[in-house]
Amino acid sequence: MIDAPLAFSPEVAAARAAGRPLVALESTIISHGFPYPRNLALARAVEAEVRAAGAVPATVAVIGGRIRIGLTEAETRALAETPDVAKLSRADLAQCLVTGRTGATTVAATMICARLAGIAVFATGGIGGVHRGAETSFDISADLQELAQTPVTVVSAGAKAILDLPKTLEVLETLGVPVIAVGQDAFPAFWSRDSGLPAPLRMDSPEGIAAAHVMRARLGLPGGQLVANPIPAADEIPAADLAPVIARAQAEAEAQGIAAKRVTPFLLSRIAELTGGRSVEANTALVLNNARLAAAIAREISRA
Ligand code: PSU
Ligand code: MN
């Protein structure tokens, strides 16, 4: 029997009691993905977007020895303001819970917590994946393995463009993870709509994505679905503009010996600086866009 130390916020507890659709949201994007105070503004805006689209947001974090499913305003603020919050993936969850530390959940850890809480759909920005140079560093995000084993539909704008996207798609294929582009044939590239790579699957409606989620459960298949929802055209940064910026940030990370969990936060923050905040604007827009789609999918699944 599973006996996880879950604690639901009043809003989420009421939604569960009423059988309303829920959308899980991660907290690493707040603690390690965005600069303060943009992180706090994003956390609030994404929750508002989920509510406006007819579902209830459940931001996940570990606080005081419990997995919090839904945060209060004060908790969100504390998470956004505290500089040394732990970044939790699958490997770190139990240790963080027993030591009573505060931790922010990555895509992998948020999927685990969402499943424990009975939440089928989760919205984020971009998943982690295979890093450039992984053939020597072996840096492959635990997010990929999680998608292979935990039955949650993750709505993203693809994998972050700082990654090696062809290798990321290859690993997802090996792991049997459905990668579903929405409304186009190309796999999106986070800040840009088109990675230049074809997505393995395409579905254009929340109904279809919800039906596929339910069908996977009927088939007894472990693992989730990766929904790759392109950033709105008005908000994208052309891939050609970003390429030199990503290359420079990457070179700096190598020169400074940045490794393991620090790689993604370092690259995101350097790219934010090097683009004068443009990457943060685009990242905000794509997260809100994903929140809307996730809410629509959650509504469909709750009807099924
Ligand atoms: N999406 C964003 N910004 C982020 C992340 C996702 O728009 O910062 C976070 C997620 O928590 C994801 C993590 O799981 O980046 C990947 O980290 P790593 O590469 O160390 O696995
Ligand atoms: Mn990594």
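What volume does the largest cavity have? In this predicted model, the volume of the largest cavity is about 90 Å³.

**View 1. The largest cavity and the residues around its centre.** The count of cavities of 30 Å³ or more comes to 1. Its lining is made up of 13 residues, of which Leu25, Glu26, Ile29, Val46 and Val287 are the closest to the centre. By residue class, the lining of the largest cavity divides into 8 nonpolar, 3 polar and 2 charged residues.

**View 2. Helices and domains that supply the lining of the largest cavity.** Helix H2 (28-33) and helix H3 (38-52) each contribute at least two residues to this lining, and H3 gives the most, with 4 residues. At least three lining residues come from each of domain 1 (1-119) and domain 2 (120-304).

**View 3. Strand E3 and the cover on both of its faces.** Strand E3 (residues 56-63) is mostly covered, with 8 of its 8 residues buried. On one side lie Val56, Ala58, Val60 and Val62, and on the other Pro57, Thr59, Ala61 and Ile63, all of them buried.

View 4. Strand E2 (residues 22-25) runs parallel to E3 and is joined to it by 4 bridges, with Val23 standing opposite Pro57 in E3. Strand E4 (residues 66-69) runs antiparallel to E3, again through 4 bridges, and here Val60 has Ile69 as its bridge partner. The hairpin of E3 and E4 has 2 residues between the strands, and in this hairpin Gly64 takes a positive phi near 60 degrees. Strand E6 (residues 103-105) is also antiparallel to E3, joined by 2 bridges, and Gly103 in E6 is the bridge partner of Val62.

Methods: Residues are numbered from 1 along each chain as its sequence is written. Chains are lettered from A and ligands numbered from 1 in the order in which they are written. This is a predicted model: local features need pLDDT of at least 70, side-chain atom pairs count only at pLDDT 80 or more; totals for chains, interfaces and linings use all residues. Side-chain values use heavy atoms; hydrogens and water are left out. On a 1 Å grid over the protein atoms alone, a cavity is a set of points where a 1.4 Å probe fits but cannot get out, and a pocket is an open set with protein on both sides within 12 Å along at least five of seven lines; lining residues have an atom within 4 Å of a point. Grid points are joined across faces, edges and corners, and a volume is the space filled by probe spheres set on the points. Ala, Val, Leu, Ile, Met, Phe, Trp, Tyr, Cys and Pro count as nonpolar, Asp, Glu, Lys and Arg as charged, and the others, Gly among them, as polar. Domain bounds come from an automatic or database domain assignment. Buried means under 20% relative accessible area, exposed over 50%, partly exposed in between (1.4 Å probe, protein chains only). Two strands pair if DSSP finds at least two bridges between them.
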